[in-house]
Amino acid sequence: MKEDNCLHAALICLGMLYYSHAITTEKLNHARPSLHGHHEKGKEGQVLHRSKRGWVWNQFFVIEEYTGPDPVLVGRLHSDIDSGDGNIKYILSGEGAGIIFVIDDKSGNIHATKTLDREERAQYTLTAQAVDRNTNRPLEPPSEFIVKVQDINDNPPEFLHENYHANVPERSNVGTSVIQVTASDADDPTYGNSAKLVYSILEGQPYFSVEAQTGIIRTALPNMDREAKEEYHVVIQAKDMGGHMGGLSGTTKVTITLTDVNDNPPKFPQSVYQMSVSEAAVPGEEVGRVKAKDPDIGENGLVAYSIIDGDGMDMFEITTDYETQEGVVKLKKLLDFETKKSYSLKVEAANVHIDPKFISNGPFKDTVTVKISVEDADEPPVFLKPSYIFEVQENAASGTVVGKVHAKDPDAANSAIRYSIDRHTDLERYFIINAEDGNIKTIKALDREEIAWHNISVFAVEVHKQHQEAKVPVAIKVADVNDNAPKFAAAYEAFVCENAQSNQQFITISADDKDDSANGPRFIFSLPPEIIQNRNFTLRDNRDNTASVLVRREGFSRQKQDLYLLPIVISDGGLPPLSSTNTLTIRVCGCDSNGSLLSCNAEAYILNAGLSTGALIAILACIVILLVIVVLFVTLKRQKKEPLIVFEEEDVRENIITYDDEGGGEEDTEAFDIATLQNPDGINGFIPRKDIKPEYQYMPRPGLRPAPNSVDVDDFINTRIQEADNDPTAPPYDSIQIYGYEGRGSVAGSLSSLESATTDSDLDYDYLQNWGPRFKKLADLYGSKDTFDDDS
């Protein structure tokens, strides 16, 4: 800190000396008599006066980071016309004027009031002017000058990154470039040595070094081995002032990793490996593993294994497991303990990638001996063939021999073998096998067209060891026999025009045969002998398993005949050949002049002679409308509401205003007796309604009794209103226009004759004579039974 203060003081002194020298020089330059101006001759002897400014400087300097107690004197402004009487006023404007830089308006001294930092701003542009203090009239034109901030070494070097990571191959030569680190200094590089950096290594010797001027880190030791040490931590320092005493410094950490090279050969940890395998092992089964160690990593540590010698080269193989870097010994062929009990292999492990730079460290391979012993095992029976293929003709008789399978016990005991068919592969039980000798026979006839191949499996089991079992697939081909006659390939339906020309072809047909190609095509097409002279159609065999049907005559008529059936005989090429007769349907159609079909309906002419299509559509529309009306009428009838009050008998209500009959029948003694409006059936209870569901059972209120015949109408109506108001379930009997009872009937009974035929009792109708002239006709008809009997 003391060194910095001393440096600041020295720089201030130098600035003051420079300032004093400049003031002295400026005063000397302006002390001449021509200070205020000089005379020049113009045209025609005119004398011109020109003012001269002698107080303007180009630039001042001020030291950054000054921390003294008083403001720093930057410089002084002085004009030649200033006589020192205080009439001149100096004004300062521009960047930082009045805030950072202030001027004494009398003396012209400029001071810096704040500490300046060159790294924030290196210079300021200001404008100075001298004016009359009283009138503010400019005495000199404004002049611009620059104040530069003088740099000091106040910023240490900084690296671009706090930590660096770099790689370099192991075994690299001395001086191999690893990485370049770079630091920067915020100080002025054009002034002194404040920004001149020198790099040095603080940690990481003697393995690495750094170039002082460039910051390039290089290897310093030869043959650095990754397998010994893989990672190094290096600390680099950058120092300014050219690395001299008093300079500032910064550091960074560099992590350097040695990358691997293939400089180590693989080595087996032992010279001999012992392994064993059962003779029952199948090819591809793993026998054992070997591993050669290689300290290299990545592709440099990849090892490939191979068998280079030994009596088991044909029986075993070795592959490489690149995940574990092991050699996997596998069985290549079936073993037989009874034939050979041990094998020996010579296995080699070699690097996959070899670096020519380190070939002298080789050879990059190693060998080891592998001894394999074969263990005895109780083996299952073995079929002589891995699979069998037999052939039998279809439709062969039951018991026909298909073929024979054979298996044996490979063990020394040579146990007896019994055979059986896996019924899961022969669900329909087409075959049977002889358990003793393995002969396979048919049980029922086979059909090639149903199943062309039968794939079954046959078991072989040792008689005394049922768990020892072998299985073999047997494929049985069903040979074809010509037992299917050819047929049309499709359901043909031909169309012929009424205006067809003679020998005109109108359809091509083909055939299909379920039999094999040897018993199928080629097909022969022909007409039956009885219609070979058919005058309507003829047939032409195209000799390519197709035939063409042609018109034999001109002109057809749908009105006479609109459908023809043409029998066609098709024969196949089998031995012996089979044939079938197929019928071709030919329909006569109307066509245009180009032969395009228009209509094949024979009734079209009849319809045209009668009603048009539009008329038929109109008739159908009317019928549909009538049906809709009928349906709506029926629906409305069904939706007619049922009466709201349920009576045991028919509920008849009429308006007493328009009712002019006798009312309650013979119980009616007065023309308009109000008592007839009373329903005697509802006296002891209430009449339920259909349109509501009562929430509680209404009990008739005491005192509400049917009114006698002599009751007053007002009292009767008031009683009914009160009853209806207090009974939420009762019908609306509160209107005199409504009543629900018409009496209990007449003593005369019913006048209907519906029940007269069902009774044997004699009826007396003499009382009809007393009913008046209106019933005279009835009295004559029913008055005397004897009269009826006499008439009969």
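1. Arginine 171 sits in the loop that links strand E11 (163–169) to strand E12 (177–180). In this predicted model, the phi angle of arginine 171 is near 65 degrees, a positive value in a residue other than glycine. Its relative accessible area is 25%, so arginine 171 counts as partly exposed.

2. With a relative accessible area of 46%, arginine 429 is partly exposed.

3. Another backbone feature concerns a peptide bond. The bond from glutamine 205 to proline 206 is cis, its omega being near 0 degrees. Proline 206 is placed in a loop, with strand E14 (198–203) on one side and strand E15 (208–210) on the other.

4. The overall composition of the chain is as follows. Its secondary structure comprises 6 helices and 43 strands. Of the 792 residues, 33% are buried. Where contacts join residues at least 6 apart in sequence, 66% of them connect residues at least 24 apart. The accessible surface amounts to about 48500 Å², and carbon and sulfur atoms account for 52% of that area.

5. The largest nonpolar core contains 26 residues, and the members touching the most others are Val290, Tyr305, Phe316, Val347, Val370 and Ile372. At least two residues of this core come from each of strand E19 (272–278), strand E20 (286–290), strand E21 (303–310), strand E22 (316–321), strand E23 (326–331), strand E24 (342–351) and strand E25 (365–375). There is also a second, separate core of 25 residues, with Phe506, Ala511, Phe525 and Val551 among them.

6. Which residues does valine 290 touch, not counting those up to four places away in sequence? Its contacts are Phe268, Tyr273, Met275, Tyr305, Ile318, Glu326, Gly327, Val347 and Val370. Of these, Tyr305, Val347 and Val370 are also named, with Val290, among the core members that touch the most others.

7. On the surface, a nonpolar patch is formed by Leu616, Ile619, Leu620, Ile623 and Leu627, which together have about 450 Å² of accessible area. Isoleucine 619, one of its members, is part of helix H3 (residues 613–638). Isoleucine 619 is partly exposed because its relative accessible area is 41%, a value that lies between the 20% limit for buried and the 50% limit for exposed residues.

Notes
Residues numbered from 1 in each chain as written. Predicted model: local features only at pLDDT ≥ 70, side-chain atom pairs only at ≥ 80, totals over all residues. Heavy atoms only, no water. Helix = DSSP H or I, 4+ residues; strand = E, 2+ residues; numbered from the N terminus. Buried < 20%, exposed > 50% of the residue type's maximum accessible area, 1.4 Å probe, protein only. Contact = heavy atoms within 4.5 Å. Areas by Shrake-Rupley, 256 points an atom, 1.4 Å probe, with all protein chains shown as cover. Patch = residues over 30% accessible without salt bridge, like charges linked within 9 Å, V, L, I, M, F, W, Y side chains within 5 Å. Salt bridge = Lys/Arg side-chain N within 4 Å of Asp/Glu carboxyl O. Core = buried A, V, L, I, M, F, W, Y, C linked by side-chain atoms within 4.5 Å.
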